[in-house]
Amino acid sequence: MSIGRRATDRLLEVPAVYRLWQAPFADAKLRPFLKRVDLRSVKRVLDVGCGPGTNAAVFKGSEYVGIDVNPEYIATASRKHTGRFVVGDVADERVLPDERFDCVFANSLMHHRPDEVVRSLLRRMSRLTTPDGGVHILDLVLPDGASAARLFARLDRGRFARPLPEWRALFTEHLEERHLELYPLGLPGVPLWWMVYFHGVAR
């Protein structure tokens with residue numbers, strides 16, 4: 001990894017910088033999820049990899065729990081948002097051992113993790129759902145062919161953007177697919193990123 005990329009990664013670990021980077025695209029990124037989910041019916045939500053509380057306000061009508069391994073993100077989220085924020089790795093069975101959620105949500109988390117870690121996350125996320133609950137995932141897709149979106153995916157600090165078929169294969173190892181959607185983010189008519197939205201339920 002180059003010195004420049006290491007510096008960028010460290011900068012984005014600062015909560016204020018991360019929020020500024022995410023802000024222009026936050027609403028568009030959530031659009032497919034919000035079209036399919038009636039938030040008024042969501043009782044308890046677990047936001048996996050919640051960062052500095054980026055999504056907390058979306059779930060303000062629900063009992064919200066955010067979890068992240070970065071203590072600085074969690075400290076910032078706790079100061080700025082309502083809800084409960086936990087420092088930890090959701091794949092660890094000792095974390096939230098007796099809790100269940102009707103919405104388990106992960107926004108732009110898994111392209112930072114290799115396959116074996118993603119499998120552990122998905123396995124645990126499926127077990128954290130209530131019988132009528134679901135897992136909802138938004139993440140970065142690596143497009144085929146040369147394009148601005150492929151370049152931006154390669155430049156992202158997450159090293160594991162995947163083609164859509166690879167995402168689907170990982171998701172469906174532990175979850176039964178209810179919906180999968182590919183969608184663009186960026187400028188009008190110019191996708192800068194391609195994203196996948198996946199909704200699944202425990203097998």
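**Close-up 1. Surroundings of V69 in the predicted model.** In this predicted model, V69 touches V87, G88, D89 and R113, when residues up to four places away in sequence are not counted. V69 belongs to the loop between β2 (63–68) and α4 (71–80), and with a relative accessibility of 46% it counts as partly exposed. The C-alpha atom of V69 is separated by 8.7 Å from that of V90, a residue 21 positions away along the chain.

Close-up 2. Within the helix, the buried residues are Y73, I74, T76 and A77. Viewed down the axis of α4, these buried residues fall within an arc of 165°, and they therefore line one face of the helix. An α-helix has 3.6 residues a turn, so residues three or four places apart point the same way. On the other side of α4, P71 and R79 are exposed.

Close-up 3. The structure holds 8 aromatic pairs. One of these is formed by F33 and F105, whose rings are tilted, with 4.9 Å from centre to centre and 55° between the planes. Because F33 lies in helix α3 (residues 26–36) and F105 in strand β4 (residues 101–107), the pair ties together parts that are 72 residues apart in sequence. F33 counts as buried at 0% relative accessibility, and F105 likewise counts as buried, at 1%. Ring pairs also link F33 and F105 with F59, Y64, F85 and Y197 into a cluster.

**Close-up 4. I137 in strand β5.** I137 is found in strand β5, which spans residues 129–141, and it is buried, with a relative accessible area of 0%. When neighbours within four places in sequence are left aside, I137 is in contact with A106, M110, L122, M125, F171, V196, Y197 and F198.

Close-up 5. S108 is found in the loop between β4 and α5 (115–127), where it counts as buried at 12% relative accessibility. The side chain of S108 makes a polar contact of 3.0 Å with the side chain of N107. Apart from neighbours within four places in sequence, S108 is in contact with K29, L138, D139 and M195. The backbone of S108 has a positive phi of about 60°, although this residue is not a glycine.

**Close-up 6. L96 in the loop between β3 and β4.** L96 is placed in the loop between β3 (84–87) and β4, and it is buried, with a relative accessible area of 8%. L96 has a positive phi of about 50° although it is not a glycine. Most residues other than glycine have a negative phi.

**Close-up 7. R162 and the ring of W167.** The charged end of R162 sits over the ring of W167, at 4.7 Å from the centre of that ring.

Conventions: Residues numbered from 1 in each chain as written. Predicted model: local features only at pLDDT ≥ 70, side-chain atom pairs only at ≥ 80, totals over all residues. Heavy atoms only, no water. Phe/Tyr/Trp six-rings, centres within 6.5 Å; stacked < 30°, edge-to-face > 60°. Helix = DSSP H or I, 4+ residues; strand = E, 2+ residues; numbered from the N terminus. Buried < 20%, exposed > 50% of the residue type's maximum accessible area, 1.4 Å probe, protein only. Lys NZ or Arg CZ within 6 Å of the ring centre and 35° of its normal. Polar contact = N/O pair within 3.5 Å; in protein donor to acceptor, adjacent residues only side chain to side chain. Contact = heavy atoms within 4.5 Å. Arc of directions from axis to C-beta.
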